[in-house]
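Here are my notes for you. Please keep the structure open and check each point against it.

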Amino acid sequence: DKLTQKPAVLTLLLDFMLDLLLLPYGVTWPPPPAPPAQPGQEAPPAPVPPPGLSERAVKRALGDQPPPAERLERLKVGIVRFLALGQLPSAIVAPHLLVAMADTRFTVANLADMELRRLCNLDWEESALISKLCSLYLGTPVDKNATPAVQAATREVRRQPVGTRIRLKLLPYLSRSKTAATMFPQSVQVMFDSFYGTNTNPKLKLLALQFVIQIIQHSTEARLAPLGPMLLSVLHGVLTEEKSDMRLRGTAYTAIGRLGQKLPSAITRDLSVVRVLFDALEQEDAETAQFVQDTMQLLGPSLCKLDPAQMVVMEALLGSCLERPSARARHVAVQYAAVVFPESHAISRLQLLLATADTQEEVSAEALKQLKLDEKDIQEGSKVRDFPDFAEMITCITRKASERESKQQTTTVG
């Protein structure tokens with residue numbers, strides 16, 4: 001109680017305890033000097049503090065005599081036990097316990113994990129808590145426009161981002177929080193640093209993709225609109241770079257589907273994304289291809305408001321996809337022909353008619369279902385059907401017949 005009555009002292013104490021929890025075992029500062037540069041070589045870079053710490057913080061935590069590893073471990077255990085006494089608000093001690101959960105010593109990590117589970121009334125939507133976690137995750141931002149003198153003056157207090165071990169503890173809790181997903185620009189910075197920063201790995205990237213899905217889900221369309229192209233670029237980058245990790249690829253496809261569902265303009269602005277997804281249906285393994293198919297089913301309704309130029313592109317794309325060897329690709333193309341275009345659209349209806357003769361029963365059955373030509377559909381239809389214009393339909397059929405004759409894609413019956 002006395003500590004809470006002196007907020008300045010409490011803040012200093014909490015900061016010092018956090019620095020001790022962040023302190024690696026066996027670290028010294030300054031580190032041993034690097035060998036002098038040879039003539040013609042660049043000078044060695046300035047030493048960098050341990051992750052999560054600044055030069056001033058590591059000096060303060062080490063003191064005059066760096067503690068041995070066993071003593072530092074006992075100090076960390078004592079800090080965790082003190083914070084778990086229940087004398088301080090849960091939101092204040094939660095960041096310390098999350099850092100301690102990532103400690104390399106089991107006694108510290110296990111105790112912190114147990115005490116965090118015991119915390120009651122912990123609200124992961126509290127903005128001060130989420131802001132603190134983001135600050136730990138990202139470190140002190142560097143002002144690239146500052147003069148060298150200003151950068152040198154602030155170097156001593158500039159904190160490094162925490163390491164991958166701690167990030168793997170922080171990001172799952174950030175992903176559960178609506179406040180974290182909608183806290184801009186920190187949420188975007190966390191996402192970028194998880195994909196392109198130095199302290200990352202495939203597991204952290206997978207968590208970051210789940211965080212991206214939360215950003216998409218909880219952001220308003222107005223807030224998401226300026227981020228759409230950037231998010232799509234990041235997700236496309238994951239698919240380009242991560243060729244072997246199927247979990248990463250599957251989650252990236254799901255995120256693309258959620259983005260297109262929430263913000264259709266992100267997809268309709270560049271329909272090449274749809275072509276990439278059709279390619280993926282053929283190229284991915286069966287499990288990942290199912291993610292792609294689910295993504296495309298999410299995107300379908302978002303593509304029903306194309307402008308005339310985009311409709312021409314989509315017509316050509318679906319026409320080529322209906323001739324692909326992959327039955328899965330043809331099946332999705334049939335669904336798109338029915339969903340993207342209105343019932344009165346002649347070219348898509350012709351594409352569906354042609355698909356009723358597909359060699360795969362599931363494709364032909366889907367085409368027949370979308371055309372609603374079954375006797376049951378006709379009898380139970382409660383609204384007037386909006387069929388394509390007859391003359392336009394005949395023109396499309398004639399043009400398609402000419403194309404097939406020129407490519408020798410004809411079948412003689414009888």
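1. Start with the salt bridges. The structure holds 14 of them. Keep in mind that this is a predicted model.

2. Look at R159 and D19. Their side chains meet in a salt bridge, 2.8 Å from N to O. The pair links distant parts of the chain, 140 residues apart. R159 sits in the loop between α7 and α8, while D19 is in helix α1. D19 is buried, with a relative accessible area of 0%. R159 is partly exposed, at 26%. There is a network here too: D19, R60 and R159 are linked by salt bridges.

3. Now take R118 and E115. Their closest N and O atoms are 3.7 Å apart, and they form a salt bridge. Both lie in helix α5, 3 residues apart, so about one helical turn separates them. R118 is exposed at 56% relative accessibility. E115 is buried at 10%.

4. R324 and E282 form another salt bridge, at 3.0 Å from N to O. R324 is in the loop between α18 and α19, and E282 is in helix α16, so the pair ties together parts 42 residues apart in sequence. R324 counts as buried, at 13% relative accessibility. E282 is partly exposed, at 34%.

5. What does helix α16 pack against? Helix α19, at an angle of about 145 degrees, with the axes 8 Å apart. The contact residues divide into 7 nonpolar, no polar and 2 charged.

6. Finally, check the surface. L13, F82 and L85 form a nonpolar patch with about 250 Å² of accessible area together. L13 lies in helix α1.

Methods:
Residues numbered from 1 in each chain as written. Predicted model: local features only at pLDDT ≥ 70, side-chain atom pairs only at ≥ 80, totals over all residues. Heavy atoms only, no water. Axes fitted to C-alpha atoms, helices over the stretch in contact; angles between N-to-C directions. Helix = DSSP H or I, 4+ residues; strand = E, 2+ residues; numbered from the N terminus. Nonpolar A, V, L, I, M, F, W, Y, C, P; charged D, E, K, R; others polar. Patch = residues over 30% accessible without salt bridge, like charges linked within 9 Å, V, L, I, M, F, W, Y side chains within 5 Å. Areas by Shrake-Rupley, 256 points an atom, 1.4 Å probe, with all protein chains shown as cover. Salt bridge = Lys/Arg side-chain N within 4 Å of Asp/Glu carboxyl O. Buried < 20%, exposed > 50% of the residue type's maximum accessible area, 1.4 Å probe, protein only.
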